[in-house]
Amino acid sequence: DLPNTLTLANITHNTDTHTNIPPTLLPYLTRNLHLTPNHPISNTRLIIESLFPSSTFAKYNTLPPIVTVAQNFDCLGFPSDHVGRSRSDTYYVNKYTVLRTHTSAHQAEKFRTLEREGKEGYLISADVYRRDAIDRSHYPVFHQMEGARLFSRRDKTSGQLVDEILKDLEGMPVPNVEVVESCKLFEEGENPVQVEKGHSVEEAVAVGKHLQRQLELVVSKVFSEAALAAGDSVAAKEKVKVRWVSAYFPFTSPSYELEVLWNGEWLEILGCGVIRQNLLDYAGQKESIGWAFGLGLERIAMLMYGIPDIRLFWSGDERFLEQFKEGVVKRFEPFSKYPQCFKDVAFWLAEGRGAAAAGGAGVAAGTEEGFHENDFMELVRGVGGDLVEDVKLIDEFTHPKTGRKSVCYRINYRSLERTLTNEEVDELQNKVRSQLEEKMGVQLR
Ligand code: PHE
């Protein structure tokens, strides 16, 4: 079990009944892949950072991952019943402190010090933590990059502010993208997207355009690097197809997601929007308007280098690490795959908890009292670590008479580095089974 206190960056935190960080997670808090020379996560960060001039953007890459509930949720306007706050989704150090679930946790504090730093915006890259499913693209620790840019309206008319934003936009390079679809800047109808109180439509539109230009530049850079990595200099000059989709975040309005067409599929790569004024007011920026975005570095690195499994980033295997050199983007050459080994486990959910049972495949479900798929996922990770490639819900069944619910999960054991023996997989599976009974109080079938 976790000790009574947790010390990180010289700060000691008490643990309590809210604490749900497994001891196996602790080594990750100091790994800093985004700062590890030659690591693909760090390389991806550097490539994107190069598009944001240091004269305008402060760059923060060493902010410690333990933040307050206020930083991570409250000051960003997350409602008190938001699912993201639940102990099944978020790692709590104690009732008041969490492992940040996103880099947005640092928005307010960094807005507050912008003038002191002599900047108009910032980039923050950091490790973030979420309880989640197990598969090739999910890991409880990953990395995000947050970006923001403010425009001062001090001593300016609204018209002057808009002109200034649009003039700055015109000075930026033209991205090599084709926008094949774009949501209206302000949607009407069922869920009308509001312009923030105190923003004119013209101002919000100008900020939104500036934001879109900056992010289209990111995408166009990433994709030309990806094509070069694959040795395809023709594709490197082609336009990337993107689309803007309207989205919702509690701290931006309007909000968008940017999707890119990649191997025939639309992939969501970032969330962004015009920062809500109450957040800026809270952060001492009453006289500013601006944009913010957040993107996942793993997702982009996987695309750019063709990395097939998120566990590879954490592997110390030289066959992986050797392939990455600072500044040189080369497509990853997968080393041979080792065999998979599937094991199923079926169990009845604890009596009286049927109503809170698992939802659809891969969907974390349940209420505070019930069975939480993420708890099961964590139990499996605790036993198998990186030897588990994915876990899928393959069957659900409710007994017609008793109303009791049974679920069956398929665990796929496969090492990235070697062939597992039958004996060791059996041993892992037996541990999963016994811990399910002991820790989760379920009845095995
Ligand atoms: N923090 C959001 C997420 O993790 C992304 C985001 C950042 C959205 C900044 C808007 C503005 O999903």
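The structure is a predicted model. The protein contains eleven helices and 17 strands. Its radius of gyration is 23 Å, close to the 22 Å that the globule rule gives for 445 residues, so the protein is as compact as a globular protein of that length.

**Overall build**

- The C-alpha trace of the protein spans about 70 × 50 × 50 Å along its principal axes.
- Of the 445 residues in the protein, 37% are buried.
- Among contacts between residues at least 6 apart in sequence, 69% join residues at least 24 apart.

**Surroundings of the ligand**

- The residues that surround the ligand are His-102, Ser-104, Glu-146, Phe-249, Thr-252, Gly-271, Cys-272, Gly-273, Ala-292, Phe-293 and Gly-294.
- Two or more residues of this shell come from each of two elements, strand 12 (265-275) and strand 13 (288-296).
- Sorted by class, the shell around the ligand holds four nonpolar residues, six polar residues and one charged residue.

- Strand 1, residues 5-8, pairs with strand 2, residues 11-14, in the antiparallel sense over four bridges.
- Leu-6 has His-13 in strand 2 as its bridge partner.
- Two residues lie between the strands of this hairpin, and Ala-9 takes a positive phi near 50° there.

Methods:
Residues numbered from 1 in each chain as written. Predicted model: local features only at pLDDT ≥ 70, side-chain atom pairs only at ≥ 80, totals over all residues. Near = placed C-beta within 6 Å. Nonpolar A, V, L, I, M, F, W, Y, C, P; charged D, E, K, R; others polar. Rg over C-alpha atoms; globule rule 2.2 N^0.38 Å. Buried ≥ 20, exposed ≤ 12 C-beta atoms within 10 Å, placed from the backbone. Contact = placed C-beta atoms within 7 Å. Pairing = 2+ DSSP bridges.
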